[in-house]
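Hi,

Here is the structure I promised to pass on. Have a look first, and my notes on the helices and the sheet follow below.

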Amino acid sequence: MSVEGMVGLSEGEKEFIKGGIAQDLRSDGRKRHTYRPIYVETGVIPQANGSARVRLGATDVIASVKGELGKPSSLQPDKGKVAIFVDCSPTAAPMFEGRGGEDLSAELSGALQRCLLGSKSGAGAGIDLSSLVVVEGKVCWDLYIDGLVVSADGNVLDALGAAIKAALSNTGIPRVNVAAGAANDDQPEVDISDEEFLQFDTSGVPVIVTLTKVGKHYIVDATSEEESQMSSAVSISINRQGHICGMTKRGGLGLDPSVILDMVSVANFVSRQLFDKLDSEISAAEADEDES
């Protein structure tokens with residue numbers, strides 16, 4: 001999806017943006033691989049099992065997690081299920097009105113699924129689906145993850161990824177007790193605790209780093225103006241071990257394979273900063289929430 005034309009820039013402004021990136025001094029004073037300030041709040045939607053809000057400059061997103069008991073699929077009886085949906089508020093940016101918003105919502109949902117849920121078989125998933133099983137083949141948790149783009153000024157995918165990570169770390173899954181001897185029934189009788197919650201393990205959940213190519217260089221955490229000048233963007237989700245959990249690319253131009261390797265090493269380096277920043281933000285947010 002192109003934001004070209006949505007951001008009305010003069011030729012001079014376009015040159016200024018490109019020239020700044022070439023000299024490693026962006027229009028807002030950042031270097032190519034520096035993020036805008038990140039702010040995280042958790043527990044922002046009381047009726048969800050977990051939620052978080054992430055602000056990255058003027059980009060503002062909310063993610064919520066809701067758990068419902070369901071039945072594992074016959075192909076993966078030992079795993080729960082996760083679905084990710086994204087909604088773009090029409091007021092978030094002019095291009096979100098009507099079809100533009102629907103297309104972008106679908107594109108973001110698809111990219112998040114590729115980045116966080118691994119392949120169809122569940123291999124490489126950043127979210128541990130086996131921890132969601134209650135009775136193998138019969139009862140599991142289905143997690144519905146909803147992302148909302150409140151306002152958009154570039155790098156929306158990475159912000160959503162961060163918000164989902166923070167929301168999952170804020171998620172308590174109620175402990176489920178299966179009635180004695182019922183595990184063999186077709187639909188075992190279960191009792192959902194309203195006091196005991198299992199903290200969701202998010203240590204394996206990756207962060208998403210999008211590298212946006214403008215001219216000869218690529219930058220992290222691009223603003224809308226910078227995105228309007230991009231030739232392509234590659235989003236790489238990377239876990240704490242530096243392993244790639246998913247990748248997605250947008251923009252017309254093909255990329256030379258050697259460039260991809262370079263991008264991966266940059267994303268790996270940058271993801272360290274992002275993990276550290278998110279970790280400290282999430283723990284600070286949890287502390288704030290406990291006090292209130």
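Predicted model: local features only at pLDDT ≥ 70, side-chain atom pairs only at ≥ 80, totals over all residues.

Let me start with a helix pair: the axes of α2 (residues 99-116) and α3 come within 11 Å and cross at roughly 55 degrees. Axes here are lines fitted to C-alpha atoms, for helices over the stretch in contact, and angles run from 0 to 180 degrees between N-to-C directions. That angle makes α2 oblique to α3 (under 35 degrees counts as roughly parallel, over 145 as roughly antiparallel, 65 to 115 as roughly perpendicular, and the rest as oblique). On the α2 side the contact uses L108, A111, L112 and L116, and on the α3 side V156, L157, L160, G161 and I164 (contact means heavy atoms within 4.5 Å). By class, that is eight nonpolar residues, one polar and no charged. Ala, Val, Leu, Ile, Met, Phe, Trp, Tyr, Cys and Pro count as nonpolar, Asp, Glu, Lys and Arg as charged, and the others, Gly among them, as polar.

Residues are numbered from 1 along each chain as its sequence is written, and side-chain values use heavy atoms, with hydrogens and water left out.

Helix α3 (156-169) also meets α5 (257-291): their axes come within 11 Å and cross at roughly 45 degrees, so these two are oblique as well. This crossing is right-handed. A162, K165, A166 and S169 of α3 touch F275, L278, I282 and E286 of α5, giving five nonpolar, one polar and two charged residues.

Now the sheet. Four strands form an open sheet in the order β10-β9-β11-β12, with antiparallel pairing (two strands pair if DSSP finds at least two bridges between them). β10 (217-220) and β12 (244-250) are the edge strands, each pairing on one side only. From one strand to the next, the twist averages 25 degrees. β11 (232-238) and β12 share six bridges, and S237 has G246 in β12 as its bridge partner. α5 packs on this sheet, touching β9 (207-214), β10, β11 and β12, and its direction makes about 130 degrees with that of β9.

Overall, the protein chain has five helices and 12 strands. Helices (H or I, at least four residues) and strands (E, at least two) are DSSP runs, numbered from the N terminus.

Cheers

Technical notes. Left-handed = near helix turned anticlockwise from the far one by under 90°.
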